[in-house]
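Visitor: I'd like to know what the labels on this model rest on. Could you take me through them?

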Amino acid sequence: MTSRQETPDRPRRGLTEKRQAITRAARTVFGRDGYTRASIDAIAAEAGVSTRTIYNHFAGKELLFQTVLQESAAQVGDAQLDIIERRLGKVTDLEEDLTAFAHAWASPLAEFADHFGLVRQINAEARHLPKAALDAWQEAGPRRVLAALGRRFGELAEEGWLTAPDPGRAATHFVLLTATEITQRSYWGAYPLGPDETEEIVVAGVRAFLRAYAAPGP
């Protein structure tokens, strides 16, 4: 027999599950069709719900897009923060550790394929997207992660590994030198580069970064 305590939770669980189904479907449809071409009808069909159900949770396509993008970016950001912690939490050989970090950073995160499909669409449609959604995406993901990398580089400077008067700028330079070329040449992960090509870009980028930022030896 169902207890009284369990009964009120069922509607809330049902609402949560439907909301999750909607956001998962929206991420898939926005990543496949882009913001402009995606329709609430297509998202409803993908989620297996009615359009009315979507409007019960979200006021419209713009709010749904912003929510999906922000939540997805936060999840990817958490994964990237974990990479920073695991690869740079303790440095024993600066070039070796930065190279391992750059490889991990530039490797496609397969579990977030839908998110990177979304990012590809964003890059194609940026001028037609709500700026609030773009800003929310950046704050939840890329800016938050880059700020964390800058803080870690600041700590490495304090530990004597780097000379970085502006650690945030150093973090930006590191990403540009080691990951941006891979991202662009792979079309934001749509066509991953081979291991030899990736290795060449990462190694050259890390060495260029160290020429600019490595602390002088004794």
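Guide: Let's start with a term: a polar contact is a pair of N or O atoms within 3.5 Å; within protein, one must be able to donate a hydrogen and the other to accept it, and residues adjacent in sequence count only if both atoms are side-chain atoms. Also, this is a predicted model, where local features need pLDDT of at least 70, side-chain atom pairs count only at pLDDT 80 or more, and totals for chains, interfaces and linings use all residues. Residues are numbered from 1 along each chain as its sequence is written, and side-chain values use heavy atoms, with hydrogens and water left out.

Visitor: What makes a polar contact between the side chains of Ser72 and His115?

Guide: The two side chains come to 2.6 Å, and the limit is 3.5 Å, so the pair counts as a polar contact.

Visitor: Why is Ser72 called buried?

Guide: Buried means under 20% relative accessible area, exposed over 50%, partly exposed in between (1.4 Å probe, protein chains only). Ser72 has 1% relative accessibility, so it counts as buried. Ser72 sits in helix H4; helices are DSSP runs of H or I with at least four residues, strands are runs of E with at least two, and both are numbered from the N terminus.

Visitor: Which residues does Ser72 touch, leaving aside its neighbours within four places in sequence?

Guide: Arg27 and His115, where contact means heavy atoms within 4.5 Å.

Visitor: And why is Ile83 buried?

Guide: Its relative accessible area is 5%, so Ile83 falls under the 20% cut-off. Ile83 is in H4, which spans residues 61-88. With neighbours within four places set aside, Ile83 contacts Leu88, Phe101, Ala104, Trp105 and Leu109. Ile83 and Ala104 are 21 residues apart in sequence, yet their C-alpha atoms are 6.9 Å apart.

Visitor: How do you know what kind of fold the chain has, in helices and strands?

Guide: The count is 10 helices and 0 strands. Of the 218 residues, 41% count as buried. As for contacts between residues at least 6 apart in sequence, 68% join residues at least 24 apart.

Visitor: What makes something a cavity or a pocket?

Guide: On a 1 Å grid over the protein atoms alone, a cavity is a set of points where a 1.4 Å probe fits but cannot get out; a pocket is an open set with protein on both sides within 12 Å along at least five of seven lines, and lining residues have an atom within 4 Å of a point. The largest pocket here has a volume of about 1100 Å³, with volume taken as the space filled by probe spheres set on points joined across faces, edges and corners. Of its 37 lining residues, the closest to the centre are Gln80, Trp105, Phe116, Thr183 and Trp188.

Visitor: Which helix gives the most to that pocket's lining?

Guide: H9, with 8 residues. The lining divides into 21 nonpolar, 15 polar and 1 charged. Here Ala, Val, Leu, Ile, Met, Phe, Trp, Tyr, Cys and Pro are nonpolar, Asp, Glu, Lys and Arg are charged, and the others, Gly among them, are polar.

Visitor: How many cavities of 30 Å³ or more are there?

Guide: The count is 1, and the largest cavity holds about 30 Å³ of space. Its lining includes Phe30, Tyr35 and Glu125. H6 gives the most to that lining, with 4 residues.
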